[in-house]
Amino acid sequence: MMTEVEARINAVLKRKPNVWNEDTSFFRLSPQTTFNSNLRQLVINGEMRKLTTNEARLLKLLCLRINNCAEKEYLCKGIWGFYDLTKNRYLDRDIVKIRKYLAPDSQLRVVNEFGVGFILTN
């Protein structure tokens with residue numbers, strides 16, 4: 001018989017999308033930019049920045065779909081485990097931060113696909 005804790009853990013795991021099964025944790029986004037999602041480290045031109053957990057999850061999801069549109073629903077489910085319209089404001093806030101962090105690398109951009117999602121281009 002399953003304990004209450006096991007049941008709760010299983011319920012949470014079912015809510016998470018399958019994006020974290022990707023074996024990739026290190027991304028070379030451009031010649032001068034790398035991102036290690038496990039350590040939440042973004043390195044641009046030799047300068048390391050430690051990202052928050054949500055920023056790192058967001059950047060990893062964008063990296064997994066680099067040069068393709070990452071829908072808002074996909075991003076919200078990957079970060080918070082569920083999609084809710086109220087999370088769009090938090091998602092937009094974190095996108096602004098990611099854009100600011102990537103600004104020193106002129107090859108990288110996060111483009112808004114109006115009403116759909118975001119595209120990380122390199």
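**View 1. The aromatic pair of the predicted model.** In this predicted model, the structure holds one aromatic pair. The partners are F27 and F35, whose rings are stacked, with 6.2 Å from centre to centre and 15° between the planes. F27 has a relative accessibility of 9% and therefore counts as buried, and F35, at 0% relative accessibility, counts as buried as well. Because buried means under 20% relative accessible area, F27 at 9% falls within that class, and so does F35 at 0%.

**View 2. The chain as a whole, as a setting for the close-ups.** The secondary structure of the chain comes to four helices and seven strands, and, read along the sequence, these elements follow the pattern α-β-β-β-β-α-β-α-α-β-β. Of the 122 residues in the chain, 37% are buried. Among the contacts in the chain with a separation of 6 or more, 47% are accounted for by residues 24 or more positions apart.

**View 3. The crossing of helix 2 and helix 3.** Two packed helices are described by the angle between their axes and the distance between the axes. For helix 2 (residues 53-64) and helix 3 (residues 72-80), the axes come within 9 Å and cross at roughly 135°, and the two helices are therefore oblique to each other. The crossing of helix 2 and helix 3 is right-handed. On the side of helix 2 the contact is made by N54, R57, L58, L61, L62 and L64, and on the side of helix 3 by Y74, L75, G78, I79 and W80.

**View 4. The crossing of helix 2 and helix 4.** The axes of helix 2 and helix 4 (residues 87-102) come within 10 Å and cross at roughly 75°, and these helices are therefore roughly perpendicular to each other. From helix 2, the residues N54, E55, L58, L59 and L62 meet L91, D94, I95, K97, I98 and Y101 of helix 4. The residues N54, L58 and L62 of helix 2 are among those that meet helix 4, and N54, L58 and L62 are also among those that make the contact with helix 3.

View 5. N54 is placed in helix 2, and at 22% relative accessibility N54 counts as partly exposed. Leaving aside its neighbours within four places in sequence, N54 is in contact with I79, W80 and D94; of these, I79 and W80 are listed for helix 3 in the contact between helices 2 and 3, while D94 is listed for helix 4 in its meeting with helix 2. The C-alpha atoms of N54 and G78 are 9.5 Å apart in space, and the two residues are 24 residues apart in sequence. E55 is likewise placed in helix 2, but at 2% relative accessibility E55 counts as buried. With neighbours within four places in sequence left aside, the contacts of E55 are with D94, K97, I98 and Y101, residues that are among those of helix 4 in its meeting with helix 2.

View 6. E73 has its place in helix 3 and, at 40% relative accessibility, counts as partly exposed. E73 and Y83 are ten residues apart along the chain, and their C-alpha atoms are separated by 5.6 Å.

**View 7. Two loop residues with positive phi.** R40 is a residue other than glycine with a positive phi, near 60°, and its place is in the loop between strand 2 (33-36) and strand 3 (41-44). At 28% relative accessibility, R40 counts as partly exposed. N67, again a residue other than glycine, has a positive phi near 65° and lies in the loop between helix 2 and strand 5 (69-71). N67 is partly exposed, with a relative accessible area of 41%.

Technical notes. Residues numbered from 1 in each chain as written. Predicted model: local features only at pLDDT ≥ 70, side-chain atom pairs only at ≥ 80, totals over all residues. Heavy atoms only, no water. Phe/Tyr/Trp six-rings, centres within 6.5 Å; stacked < 30°, edge-to-face > 60°. Buried < 20%, exposed > 50% of the residue type's maximum accessible area, 1.4 Å probe, protein only. Axes fitted to C-alpha atoms, helices over the stretch in contact; angles between N-to-C directions. Parallel < 35°, antiparallel > 145°, perpendicular 65-115°, else oblique. Left-handed = near helix turned anticlockwise from the far one by under 90°. Contact = heavy atoms within 4.5 Å.
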